[in-house]
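Please keep the sequence and the structure in view while reading.

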Amino acid sequence: MVKQENNNGVYYEGSLMLGGLKNDYYSKIGYGMSYDNSANFYAMHAGIGKVRQLQEDIKLDYYGKLFYTHQNGSSASLSSGHVYDFHAISSIRSRLGVRYTHQLPGGREFYAGIAWQHEFDSKAKATIISGGTSFDAPSPSIKGDTGIFELGWKIKPGKGNFETGLGLTGSVGKQRGIGLNAQFQWKF
């Protein structure tokens, strides 16, 4: 990940991630089935934002980000003899948001944010092959809009480069859920 912060409050950021996913499936329904498969993926994002100092201890961070993720296709042979052919899948999402940060004495800060995320198009497709016959499985899509809310607390003890914090994130709309994160960061 890279991030450049300018003196006027404008910043640019980007990241690149490469990796692999491994899936293990097991079911006791009917005769029982299982499979193991894996696929490589890559993801990247680019963003721009501006931090505006409202008061000495209060700031607003306005930002826009674009995310791209691609997972390669893979095949899995079930213990029943069926073959699942998972197609490659790509996702493009945009996110616009704002974060309010209030700095407190002792290197502590509280933040709250809200964002709108739009998934342009992403369908998961799979083909099932059984006894020489193939048919397509239902294709779920996550295309649509999501609202994201965040609350958090950070502590930067002393004048060092170390920072820690806790955060809570919630999503409503096309994607729904709640997440909790813990952060330990060393800046250099």
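## Aromatic pairs

Tyr68 has a relative accessible area of 25%, so this residue is partly exposed. The model that shows this is a predicted one. Tyr42, at 30% relative accessibility, is likewise counted as partly exposed.

A pair of aromatic rings is described by two values, the distance of the centres and the angle of the planes. The structure holds two such pairs. One of them joins Tyr42 and Tyr68: the centres are 6.1 Å apart and the planes make an angle of 40°, and the pair is tilted. Tyr42 belongs to strand 3 (residues 33–55) and Tyr68 to strand 4 (residues 58–71), so the pair ties together parts that are 26 residues apart in sequence.

Tyr84 and Phe86 also form an aromatic pair, with 6.0 Å from centre to centre and 70° between the planes. Why is this pair called edge-to-face? Its angle is 70°, and planes over 60 degrees apart count as edge-to-face. Tyr84 is partly exposed, at 23% relative accessibility. Phe86 is partly exposed too, with a relative accessible area of 23%.

## Charges over rings

Two residues with charged side chains are placed over tyrosine rings. Lys3 lies over the face of Tyr11, 4.4 Å from the ring centre. For Arg99, the charged end sits over the ring of Tyr111, at 4.0 Å from its centre.

## A nonpolar patch

Which residues make the nonpolar surface patch? They are Tyr100, Phe110, Leu151, Trp153, Ile155, Leu168, Ile178 and Leu180, and the patch covers about 770 Å².

At least two residues of the patch come from each of strand 11 (144–155) and strand 13 (177–186). Strand 11 gives the most, with three residues. Leu168, a member of the patch, lies in strand 12 (residues 162–173). Its relative accessibility is 41%, so Leu168 counts as partly exposed.

Is Asn37 buried or exposed? Its relative accessible area is 8%, and buried means under 20%, so Asn37 is buried. This residue lies in strand 3, the strand that also holds Tyr42.

Leaving out residues up to four places away in sequence, Asn37 touches Leu21, Lys22, Asn23, Ser74, Ser75, Ala76 and Phe86. Phe86 in this list is also the partner of Tyr84 in the edge-to-face pair. Gly14 is 23 residues from Asn37 in sequence, and the two C-alpha atoms are 30 Å apart in space.

Key. Residues numbered from 1 in each chain as written. Predicted model: local features only at pLDDT ≥ 70, side-chain atom pairs only at ≥ 80, totals over all residues. Heavy atoms only, no water. Phe/Tyr/Trp six-rings, centres within 6.5 Å; stacked < 30°, edge-to-face > 60°. Helix = DSSP H or I, 4+ residues; strand = E, 2+ residues; numbered from the N terminus. Buried < 20%, exposed > 50% of the residue type's maximum accessible area, 1.4 Å probe, protein only. Lys NZ or Arg CZ within 6 Å of the ring centre and 35° of its normal. Patch = residues over 30% accessible without salt bridge, like charges linked within 9 Å, V, L, I, M, F, W, Y side chains within 5 Å. Areas by Shrake-Rupley, 256 points an atom, 1.4 Å probe, with all protein chains shown as cover. Salt bridge = Lys/Arg side-chain N within 4 Å of Asp/Glu carboxyl O. Contact = heavy atoms within 4.5 Å.
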